[in-house]
Amino acid sequence: MQEQFSATPRTTPTRELRGLALHRERGHEIEHIGKGVYSVPGCSGGSYRVDLAVFDGEQSCSCPDRAPVCKHIICATIYRAKSRAKARREQHQRAASRATRGNLAPLAASL
Ligand SMILES: [Zn+2]
């Protein structure tokens, strides 16, 4: 009798990893549709509405996954973290370019 390889338990990737993969592959499709609310692409077409609950309440997603934190929420969290980092970088760059345009006062003040 042949050994059945399918009987070997396969390790399923964690939600975190699937959220990361989703961001890597479809991150450009995420839309920021409101305060803490994002439209995140689903695997089978369409998209889900993710609410990261910036003010109050619990994070939620409109997908059928009943886990408290699904991969779409993780994906939206990564997206938000990255766009915040980007905004901070741009702010620094603007401050730096102001300083090099001759007005060194803000730079001097921050030293
Ligand atoms: Zn979801």
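**Entry 1: a strand with two faces**

Which residues of S3 lie on its covered face, and which on its uncovered one? I looked them up: Tyr48 and Val50 are on the covered face, while Ser47, Arg49 and Asp51 are on the uncovered one. In a regular strand, side chains alternate between the two faces of the sheet.

**Entry 2: ground rules**

I am reading a predicted model, where local features need pLDDT of at least 70, side-chain atom pairs count only at pLDDT 80 or more, and totals for chains, interfaces and linings use all residues. Residues are numbered from 1 along each chain as its sequence is written.

**Entry 3: the whole chain**

I noted three helices and four strands. Helices (H or I, at least four residues) and strands (E, at least two) are DSSP runs, numbered from the N terminus. Along the sequence the pattern is α-β-β-β-β-α-α. Of the 111 residues in the chain, 15% are buried. A residue counts as buried if 20 or more other C-beta atoms lie within 10 Å of its own, as exposed if 12 or fewer do, and as partly exposed in between; the C-beta atoms are placed from the backbone.

**Entry 4: the sheet**

I traced an open sheet of four strands in the order S1-S2-S3-S4, with antiparallel pairing. S1 (31-34) and S4 stand at the edges with a single partner strand each, so one side of each has no neighbour in the sheet. Two strands pair if DSSP finds at least two bridges between them.

I then listed the pairs:

- S1 and S2 are antiparallel over three bridges. His32 stands opposite Tyr38 in S2.
- S2 and S3 are antiparallel over five bridges. Ser39 has Arg49 in S3 as its bridge partner.
- S3 and S4 are antiparallel over two bridges. Asp51 has Ser60 in S4 as its bridge partner.

The hairpin of S2 and S3 has five residues between the strands, and there Gly45 takes a positive phi near 80 degrees.

Which residue has a positive phi although it is not a glycine? I found Ala53, at about 50 degrees. Most residues other than glycine have a negative phi. Ala53 lies in the loop between S3 and S4 (60-61). Ala53 is partly exposed, with 13 other C-beta atoms within 10 Å.

**Entry 5: two helices**

At what angle do H1 (residues 15-26) and H2 pack? I read about 55 degrees, with the axes 8 Å apart. That makes H1 oblique to H2. Axes are lines fitted to C-alpha atoms, for helices over the stretch in contact, and angles run from 0 to 180 degrees between N-to-C directions. Angles under 35 degrees count as roughly parallel, over 145 as roughly antiparallel, 65 to 115 as roughly perpendicular and the rest as oblique.

I checked who meets whom. From H1, the residues include Gly19, Leu22 and His23; from H2, they include Ile74, Cys75 and Ile78. Leaving aside neighbours within four places in sequence, Cys75 is in contact with Gly19, Leu22, His23 and Val40. Contact means that the C-beta atoms, placed from the backbone, lie within 7 Å.

**Entry 6: the core**

Last, I looked up the largest nonpolar core, which has 13 residues. Such a core is a set of buried Ala, Val, Leu, Ile, Met, Phe, Trp, Tyr and Cys residues joined through C-beta atoms within 7 Å. Tyr38, Val40, Val50, Ile73, Cys75 and Ala76 touch the most other members. S2 (37-41), S3 (47-51) and H2 (71-100) each supply at least two residues. The largest share, five residues, comes from H2.

Methods. Contact = placed C-beta atoms within 7 Å.
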